[in-house]
Amino acid sequence: MPELVQQAAETACSGCRDGEAVGVEFDYAYQPIVDCASHAIYAHEALVRGPNGESAASVLSQVTPANVYRFDQACRVKAVIGAARLGMRERLSINFLANAVFRPEVCIRSTLEAARAHNFPVEQIIFEVTEGERVRDRAHLMTIFREYQRVGFQTAIDDFGAGYAGLHLLADYQPDIIKVDMDLVRGIDSSAPRQVIVRAITAMCRDLGIRMVAEGIETAAERDFLRDAGIDLMQGYFFCRPVFQGLGAIPPAAWQ
């Protein structure tokens, strides 16, 4: 690691430990990930919002190289505290910024402390990295994932099929979960190419022992095709929209 980057890493990790103010106000909405096989909620994804429910873009536009490390840490902690406050019993899925983690064994401490302080089981936490983020050092991402698994977290690759890493990332590391990008899901019931691609990803994940989540479900037809293709875990407006500072419920009609 170049000297200037190393210095930035040490400063960032020190800031994480010392609890420096982030300078960005935010809160969370939570969206269910459902298990169509058991008609139950499998997890809730924590989605960043402004303090009054403003869009994620309004928050992320305030994140800069100077505060990205502290922001990433604050997001993790606030997601856990919010989930515990809401009485969440299912898994909690948290997005993280791989490029904001320099020393995973240090940067994970605040999350572990928050989970323990608020009695949220560590094994119920899933960390998602989006494939759409251009990860500067794939080997470093593998180090992060393996450290997270070592302490008991689950790991996931979000937006699979839409980003920079793709199969190269999957060849190096097999996460617990892959979330198939919504662009591959949209209208899949009437798109032969999407059907072929998603079936191939499903077969690959089955052979690798990875669970799949289909994102962006908006219609019963999309749900039915994906369920028939062997994907039980799904997420999207068809089941429940994100709920600001709350946990959503699935209407009975969503299972029919």
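**Questions on a predicted model**

Biologist: In which strand is the place of D159?

Modeller: The model is predicted, and local features are taken only at a pLDDT of at least 70. The strand to consider spans residues 154–160. The place of D159 is in strand β5.

Biologist: Is D159 buried, partly exposed or exposed?

Modeller: Strand β5 is mostly covered, with six of its seven residues buried. Buried requires under 20% relative accessible area, and exposed requires over 50%. D159 has a relative accessibility of 22%, and therefore counts as partly exposed.

Biologist: What is the phi of D159?

Modeller: Most residues other than glycine have a negative phi. D159 is not a glycine, yet its phi is positive, at about 55°.

Biologist: Which class of accessibility applies to Q245?

Modeller: Q245 lies in the segment after β9 (243–244). Its phi is near 55°, a positive value in a residue other than glycine. The relative accessibility of Q245 is 36%, so the residue counts as partly exposed.

Biologist: Which residue with a positive phi follows α5?

Modeller: Helix α5 spans residues 109–117, and its buried residues are S110, T111, L112, A114 and A115. After α5 comes a residue whose phi is near 55°, namely N119.

Biologist: Are α3 and α5 roughly parallel or roughly antiparallel?

Modeller: The axes of helix α3 (residues 68–85) and α5 come within 9 Å and cross at roughly 15°. Angles under 35 degrees count as roughly parallel. The relation of α3 to α5 is therefore roughly parallel.

Biologist: Is the crossing of α3 and α5 left-handed or right-handed?

Modeller: The crossing angle of the two axes is roughly 15°. The sense in which α3 passes α5 is right-handed. The contact is made by Q73, R76, V77 and V80 of α3 together with S110, T111, A114 and A115 of α5. In short, the crossing is right-handed.

Biologist: How many residues of the contact of α3 with α5 are charged?

Modeller: On the α3 side the contact includes Q73, R76, V77 and V80, and on the α5 side S110, T111, A114 and A115. Arg belongs to the charged class, whereas Val and Ala are nonpolar. The residues of this contact divide into four nonpolar and three polar, and the number charged is one.

Key:
Residues are numbered from 1 along each chain as its sequence is written. This is a predicted model: local features need pLDDT of at least 70, side-chain atom pairs count only at pLDDT 80 or more; totals for chains, interfaces and linings use all residues. Side-chain values use heavy atoms; hydrogens and water are left out. Buried means under 20% relative accessible area, exposed over 50%, partly exposed in between (1.4 Å probe, protein chains only). Helices (H or I, at least four residues) and strands (E, at least two) are DSSP runs, numbered from the N terminus. Axes are lines fitted to C-alpha atoms, for helices over the stretch in contact, and angles run from 0 to 180 degrees between N-to-C directions. Angles under 35 degrees count as roughly parallel, over 145 as roughly antiparallel, 65 to 115 as roughly perpendicular and the rest as oblique. A crossing is left-handed if the near helix is turned anticlockwise from the far one by less than a right angle, and right-handed if clockwise. Contact means heavy atoms within 4.5 Å.
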